[in-house]
Amino acid sequence: MTSYYSYGSFQLINSSSSVHKPWISYYKSNHPTKSSLSSSSGGKRAPPARDVPEIITPKAVKETRVSFLDMFVDHAFQFVDQPYLPSQKNFAPVDEIGEAVGVSTIEGCIPDEFPQGVFVRNGANPIHGALKSAISIFGKSSHVWVEGEGMLHAVYFNKEKDDKWVTRYKNKYVETDSYKIDKQRDKPAFIPAVEGTSGGVLSGFIFNMLRFGRVNENFSNTSIFEHSGKYYTATENSMPQEIDINTLQTVGNWDSILDSWNRSFTSHPKKAPETGELVTFGFDAQKPYLVLGCISADGTKLIHKVDLKLERSVICHDIGVTQRYNVILDFPTIVDTTRLLLGGALIKFEKEKYARIGVMPRYGDADSIRWFEVDPCCVFHIINCYEEGDQVVIMACRAEESIIPGPEMGKDKFDWFSRGFKHLNSSKKDEGFLFARPFVWRLNMKTGIVENKSYLTGTDFSLDFPFINEKFTGIKNKFGYTQVVDSAASSTAGMSKYNGLAKLYIEEKNLNLAEGKKDGDEFTKVEYHMFPENTFCTGSAFVAKNGDNVEEDDGWVITFVHNETSDISQVYIVDAKKFSSEPVAKITLPCRVPYGFHGAFMPLIN
């Protein structure tokens, strides 16, 4: 059988027979002495001693080897916590609460038209209390801020027979195979293997692979999505994990495609308009660097798989779809194992290298891709893509540099992030480089020309973690939504904090002179919903109103928020038609919900 082991962009393939022959070793048996044998045999000469085979199974050999390696790692590596600053206290992990807890403290009311379902968000929740660094004779390696075991936080919305709302909250770890290893050992098992000295990262690769068959953990902590009535968590380094949405119990790998998709899987696969097929990709540090796949609408098989034949390995976090095309981002956040072997970083944003956007037919191959050169930048999240005449339009959140993985080893990590999160209008040139803004590229498929490239918004706020009404994925939309970065609070914490929501009116122009606006610029109209002081959100999603004759923005924006002053976590429901008004409902949760990554609302019949 073929098994795959991957971490982010580093993947090893192991092909082996499903039937193993036992290992055989020989040893001399402890026969009695010659004199005793003669005595017992009436003086006859005893037969010569023979080599007696001892059967040693592959399992025994592996267990012995792993045990020896574990002892070496325990003695050679020191695991130390990366401490949380006071301004980072809500990034710290929480415990599982067990069974779902009823929630009754609600300010305002949940609208009658709100659909029954579950609002669920994924995020990092380190099982051993904090992200770790590992120090050894080989060097130092550290977890980066996107790592840590995945934990789901869910709020269930159900109606009783009298149409009264019943809400419940539950959290639970995503129980990947690597989570189970760490849980059983009750101590860090995997050595961090992304950021650090060359020797530190390489030793992590080697010892993790030798002991566990993979170079790092499958955290499965980034997103959650639905396909064909099943629900999956995802992160870039492994296969998605199927989740029982009613209990949050981990079912296991997406088994129906496991045999045909033996590599990593994007956190943001997209459903193709009309067909409902799921378009995904997986990147790797070794060729093939980027492979694209299409999964059938019923989720049972991989119907298309193609090597895109990239010339380098890039961290690609999102993919775009239109009615006919797939959209690929080849931007210069580069994974380079050769650079690592020569003493450099495994992952590095190389702004002097090229950037391009590829557009290919849904079931095309590498030769069918139309590449468009663009200015080097960093894009992790696409707002939407669609076709308009001869153009393919891509809207995304664009920054000048990459937030992943952070500064090179030896530089002050906190200082780098603190400077990067500064407002773009800072007087210092080495600040504000992580400031993200919605941007649009218009690519002409006939001429091969980038006909338009411009920011959609000014520099009032940094905007990221976009989302839309998912019914408009891949077709022209009028509205987009993002979280609003609090530049000052993020700079103080050295980690992203979002103190509001933004609604983009894509077809309407902001006629007021905006900060950052130059002569000739036309920015999109933006409406903001800002939170109370010291209150920040994560995992925001759009909840569409049911019905056939509803408009695109008929619905609500839902998000997890946390007030750092009161230390209370809530869920806000905001009317998308009255976006700047007070939330229609604020649901107080029974425990703290740490900041995390992506969320989704899953409508449920029961």
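This is a predicted model: local features need pLDDT of at least 70, side-chain atom pairs count only at pLDDT 80 or more; totals for chains, interfaces and linings use all residues.
Visitor: How is a pair of aromatic rings described?

Guide: Two things describe a pair of aromatic rings: the distance of the centres and the angle of the planes. Here rings of Phe, Tyr and Trp (its six-membered ring) pair if their centres lie within 6.5 Å; planes under 30 degrees apart are stacked, over 60 edge-to-face, and the rest tilted. The whole structure has 36 aromatic pairs. In one of them, the ring centres of Phe157 and Trp165 are 6.4 Å apart with the planes at 85°, so this pair is edge-to-face.

Visitor: Are Phe157 and Trp165 buried or exposed?

Guide: Phe157 and Trp165 are buried. Buried means under 20% relative accessible area, exposed over 50%, and partly exposed in between (1.4 Å probe, protein chains only). Ring pairs also link Phe157 and Trp165 with Phe114, Trp556 and Phe601 in a cluster.

Visitor: Which type of pair do Phe225 and Phe265 make?

Guide: The ring centres of Phe225 and Phe265 are 6.2 Å apart and the planes stand at 5°, so the pair is stacked. It links distant parts of the chain, 40 residues apart: Phe225 is in strand E14 (residues 223–227), and Phe265 is in the loop between strand E17 (249–253) and strand E18 (270–271). These element names come from DSSP runs, numbered from the N terminus: helices are H or I, at least four residues, and strands are E, at least two. Both Phe225 and Phe265 are buried.

Visitor: How many salt bridges does the structure hold?

Guide: Side chains of opposite charge can pair when their charged atoms come close. A salt bridge here is a side-chain nitrogen of Lys or Arg within 4 Å of a carboxyl oxygen of Asp or Glu. The structure holds 29 of them. In one, Glu350 and Lys353 meet at 2.9 Å, N to O. Glu350 counts as buried at 9% relative accessibility, whereas Lys353 is partly exposed at 34%.

Visitor: Which parts of the chain does the salt bridge of Lys453 and Asp375 tie together?

Guide: The side chains of Lys453 and Asp375 meet at 3.7 Å, N to O. Lys453 lies in strand E32 (residues 450–455) and Asp375 in the loop between strand E28 (370–374) and strand E29 (378–388), so the bridge ties together parts 78 residues apart in sequence. Lys453 is partly exposed, at 44% relative accessible area, and Asp375 is also partly exposed, at 43%.

Visitor: What is the partner of Lys525?

Guide: Lys525 forms a salt bridge with Glu508, and the closest N and O atoms are 3.8 Å apart. This pair joins strand E36 (residues 524–530), which holds Lys525, to strand E35 (residues 498–509), which holds Glu508; the two residues are 17 residues apart. Elsewhere, salt bridges that share partners join Lys503, Glu551, Asp553, Asp554 and Lys577 into one network.

Visitor: Which residues have a positive phi, and where are the cis peptide bonds?

Guide: Most residues other than glycine have a negative phi, and most peptide bonds are trans. Lys309 has a positive phi, near 55°. Lys309 is in the loop between strand E21 (302–307) and strand E22 (313–314), and counts as exposed at 59% relative accessibility. Asn534 also has a positive phi, near 65°, and is partly exposed at 31%. A cis peptide bond joins Lys287 and Pro288, with omega about -5°; Pro288 lies in the loop between strand E19 (278–283) and strand E20 (290–295). Another cis peptide bond joins Ile404 and Pro405, with omega about 5°. Pro405 is in the loop between strand E30 (391–399) and helix H6 (413–420).

Visitor: How far apart are Pro590 and Thr105 in sequence and in space?

Guide: Pro590 and Thr105 are 485 residues apart in sequence and 9.2 Å apart in space, C-alpha to C-alpha. Pro590 is in the loop between strand E40 (585–588) and strand E41 (599–603).

Notes
Residues are numbered from 1 along each chain as its sequence is written. Side-chain values use heavy atoms; hydrogens and water are left out.
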